[in-house]
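Biologist: Hello! I am new to this structure and would like a friendly tour. Could you take me through it step by step?

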Amino acid sequence: MLLQALLRLSAIAALVEALPGKSATKPDDCQEIRIPITVEVPRFLISTSINNDWDAAALTFNLTRRDFGQASFPLPISGTSAPVKSTYEVGATLCGTGATTLVLTHGILESKLYWQPDFIDSDRYNFIKSAVEAGYSVLSYDRIGVAVLEALVAHVRSNNTTTTSALPRKVVLVGHSYGAYISVAAAASNQSRNAVDAVVLTGFAGGFSHFAPFLAGAGLRVARDRQLDRWGALDSGYLTTADLYSDAYIYYHDGDYERRIAEWTHTRGSEPFAVGELPSLLATNITYGAVQAPVQLVQGLYDVSACGGNCTGQVQEFRGNLTGALAVETVEDLPAGHNLNLHLVAPKAFGMMFDFLKRQGL
């Protein structure tokens, strides 16, 4: 089970090895790469297990109680372990030749396909294609946790494989939902604070006060029992949403998206998460004031997870926590639900992100 979603680093070693193969999309000059990552960090000790859907329902209840998020909230964590050394091979896609690299971290029930969807006529929703056309390099990867992202930041800063410049590469962290928490945590950490040049966050309002409707609406179920052909080899500790309509509720806003995309999300774009990831996230303290890089928060107005379905004023309120950031810009009124990239407004949202980065000299 993957229990180290948001753990602190004590030591990291990282190596990236490119694999031969056909580009994912020829115009973007993409290549698939393997990223072996070694981390040695303490782990949260999770005091719950999931054997079936009854257990998943019980966990959902415990994470959506009225006292959810309060100091007395009974997280299923019994403590932390001594540092444990682990090695992972992270799948990633590298696209573009720009001098600034955007490192993309996806959400908890999603895969890196969120950034580069592969359904028919998907160009308007393809963040990676848009970013490459705007002059950036892009690294998207299969999300694990903060330690891995910090290792990726160090690698990108020190490796100039796509430009002739002798200067360190610029690094922008772009995070969505759970990936937004990981991105801002990395930007605030001692390991990466001085190596991150900007942060762009979506599906994020800085807290968990509206997380309960998201979890309840997801109707968490054991993944291998929902889509045996895709996830039959996983153990019962990996969870996914109940069905297509659960995805529609937690991710999309009616009238502002194409239903075929919700169908793609459920059958192709989604990935399950390990039960330990949620308690790990909830137990991790992020020092938002330690972020020094410019930060942009771009939000769909109807985001259930971040804002309870109405983001008016909530993102603007959070910006006060980013006391150390060089600049802070918020957008909270775009006509979209949680999955901003997969709504009709996506091209406008992408343009706002790139305009922000250009104003920061990136």
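Modeller: Gladly! This is a predicted model.

Biologist: How many helices and strands does the protein chain have, and what percentage of its residues count as buried?

Modeller: The secondary structure comes to 13 helices and 15 strands. The chain has 362 residues, and the part of them that counts as buried is 56%.

Biologist: What average pLDDT does the protein chain have, and over which residues is the pLDDT below 50?

Modeller: The chain averages a pLDDT of 87, and 89% of the residues score at least 70. Over residues 1-28 the pLDDT is below 50, though this stretch has 96 contacts in the model beyond near neighbours in sequence. Where pLDDT is low, the predicted coordinates should not be read in detail. Another such stretch, with seven contacts beyond near neighbours in sequence, is residues 161-165.

Biologist: Let us turn to the aromatic rings. How many aromatic pairs are there, and why is the pair of Tyr-114 and Trp-115 edge-to-face?

Modeller: The structure holds 17 aromatic pairs. In the pair of Tyr-114 and Trp-115, the ring centres are 5.2 Å apart. Planes over 60 degrees apart count as edge-to-face, so this pair qualifies with its angle of 80°.

Biologist: Are Tyr-114 and Trp-115 buried or exposed?

Modeller: The cut-off to keep in mind is a relative accessible area under 20%. Tyr-114 and Trp-115 are both buried.

Biologist: Where in the chain are Phe-204 and Phe-318, and how many residues apart are they?

Modeller: Their rings pair edge-to-face, with centres 5.4 Å apart and planes at 85°. Both Phe-204 and Phe-318 are buried. Phe-204 sits in the loop between β10 (198-202) and α5 (211-218), while Phe-318 belongs to helix α12 (residues 314-318). The pair thus links distant parts of the chain, with a separation of 114 residues.

Biologist: Which residues form one aromatic cluster with Phe-204 and Phe-318?

Modeller: Phe-204 and Phe-318 are both members of one aromatic cluster.

Biologist: Which residue lies over the face of Tyr-125, and at what distance from the ring centre?

Modeller: Here an arginine lies over an aromatic ring. The residue is Arg-124, and its distance from the ring centre of Tyr-125 is 5.7 Å.

Biologist: Asp-121 and Ser-177 have a positive phi. Which of them counts as buried and which as exposed?

Modeller: Most residues other than glycine have a negative phi. Asp-121, with phi near 55°, is in the loop between β7 (100-105) and α2 (127-133), and Ser-177, with phi near 60°, is in the loop between β9 (170-176) and α4 (178-188). Ser-177 has 9% relative accessibility and so counts as buried. At 64%, the exposed residue is Asp-121.

Biologist: One last stop: which residue has its backbone oxygen 3.4 Å from a polar side-chain atom of Arg-230?

Modeller: Arg-230 is found in helix α7 (residues 228-231) and is partly exposed, at 26% relative accessible area. Leaving aside neighbours within four places in sequence, Arg-230 is in contact with Thr-267, Arg-268, Ser-270 and Glu-271, among others. The backbone oxygen at 3.4 Å belongs to His-266.

Technical notes
Residues are numbered from 1 along each chain as its sequence is written. Side-chain values use heavy atoms; hydrogens and water are left out. Rings of Phe, Tyr and Trp (its six-membered ring) pair if their centres lie within 6.5 Å; planes under 30 degrees apart count as stacked, over 60 as edge-to-face and the rest as tilted. Buried means under 20% relative accessible area, exposed over 50%, partly exposed in between (1.4 Å probe, protein chains only). Helices (H or I, at least four residues) and strands (E, at least two) are DSSP runs, numbered from the N terminus. A charge sits over a ring if NZ of Lys or CZ of Arg is within 6 Å of the ring centre and within 35 degrees of the ring normal. pLDDT is the predictor's confidence in each residue, from 0 to 100. Contact means heavy atoms within 4.5 Å. A polar contact is a pair of N or O atoms within 3.5 Å; within protein, one must be able to donate a hydrogen and the other to accept it, and residues adjacent in sequence count only if both atoms are side-chain atoms.
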